[in-house]
Amino acid sequence: MMDKHTPLQVGDKAPAFSMPASGGRTVQSASLSGKPYVLYFYPKADTPGCTKEACGFNEALQAFEKAGLSVIGVSCDPVKKLDAFATKYGLTFPLASDEAGHVTEAYGVWVEKSMYGRTYMGIERATFLIDASGNIAYIWPKVKVSGHVEAVLAQASTLNGTPD
């Protein structure tokens with residue numbers, strides 16, 4: 001595990017990644033070069049908040065694609081669990097598995113959390129909007145699920161200057 005590093009900021013180069021994903025896919029930042037995308041981190045597949053968020057992104061997928069963006073969800077769950085989650089809710093975008101935690105570390109979302117007086121390490125729900133140059137265009141830290149997908153879509157539409 002890395003020491004505390006300076007958190008990523010808007011304008012920074014997005015950390016590179018390559019992860020196995022649902023549906024037998026692999027997601028790689030290199031293959032997304034020249035295209036904007038949404039990278040969202042969530043704590044655990046098939047839990048209420050994560051399900052609501054994933055279904056929200058899935059329902060808005062056509063709007064994101066129309067705006068020229070791909071959507072990728074990232075958690076530390078194994079691919080087998082992500083496949084089951086995707087199948088159960090009909091999620092068609094890639095759910096990437098960062099079991100080793102390198103990507104969540106690089107994006108600064110592997111944090112100390114607490115619940116019921118117990119502290120533990122886990123993923124902080126966060127979303128990164130990456131522009132076509134591979135730079136971070138916008139960051140949503142500590143995401144609240146309600147209204148989040150709409151906020152990301154509204155911000156994404158400003159990337160290419162294409163209004164809804």
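Colleague: Why is the crossing of α1 and α5 called right-handed?

Modeller: A crossing is right-handed if the near helix is turned clockwise from the far one by less than a right angle, and left-handed if anticlockwise. The crossing of α1 and α5 in this predicted model falls under right-handed. The residues are numbered from 1 along each chain as its sequence is written, and side-chain values use heavy atoms, leaving out hydrogens and water. In this predicted model, local features need pLDDT of at least 70 and side-chain atom pairs count only at pLDDT 80 or more, whereas totals for chains, interfaces and linings use all residues.

Colleague: What makes α1 and α5 oblique to each other?

Modeller: Their packing angle is about 40 degrees, with 9 Å between the axes. Axes are lines fitted to C-alpha atoms, for helices over the stretch in contact, and angles run from 0 to 180 degrees between N-to-C directions. Under 35 degrees would count as roughly parallel, over 145 as roughly antiparallel, 65 to 115 as roughly perpendicular, and the rest as oblique; α1 and α5 are therefore oblique.

Colleague: Which residues make the contact between α1 and α5?

Modeller: Glu53, Gly56 and Phe57 contribute from α1, and His148, Val149 and Val152 from α5. Contact means heavy atoms within 4.5 Å. Helices (H or I, at least four residues) and strands (E, at least two) are DSSP runs, numbered from the N terminus.

Colleague: How many aromatic pairs does a search of the whole structure find?

Modeller: The search returns 11. One of them joins Phe17 and Tyr37, with centres 6.1 Å apart and 75 degrees between the planes.

Colleague: Why is the pair of Phe17 and Tyr37 called edge-to-face?

Modeller: Rings of Phe, Tyr and Trp (its six-membered ring) pair if their centres lie within 6.5 Å; planes under 30 degrees apart count as stacked, over 60 as edge-to-face and the rest as tilted. At 6.1 Å and 75 degrees, Phe17 and Tyr37 are therefore an edge-to-face pair. The pair links distant parts of the chain, 20 residues apart: Phe17 lies in the segment before β1 and Tyr37 in strand β3.

Colleague: How do you know whether Phe17 is buried or exposed?

Modeller: Buried means under 20% relative accessible area, exposed over 50%, and partly exposed in between (1.4 Å probe, protein chains only). Phe17, at 6%, is buried, and Tyr37, at 3%, is buried too.

Colleague: What makes the pair of Phe57 and Phe64 tilted?

Modeller: The centres are 5.7 Å apart and the planes stand at 40 degrees, so the pair is tilted. Phe57 is buried at 0% relative accessibility, and Phe64 is buried at 0% as well.

Colleague: Which residues of the largest nonpolar core touch the most other members?

Modeller: Among its 27 residues, these are Phe57, Phe64 and Leu95. Such a core is a set of buried Ala, Val, Leu, Ile, Met, Phe, Trp, Tyr and Cys residues joined through side-chain atoms within 4.5 Å. Two or more residues come from each of β3, α1, α2, α3 and α5. Apart from this core lies another, of 22 residues, including Ala14, Val109, Ile130 and Ile139.
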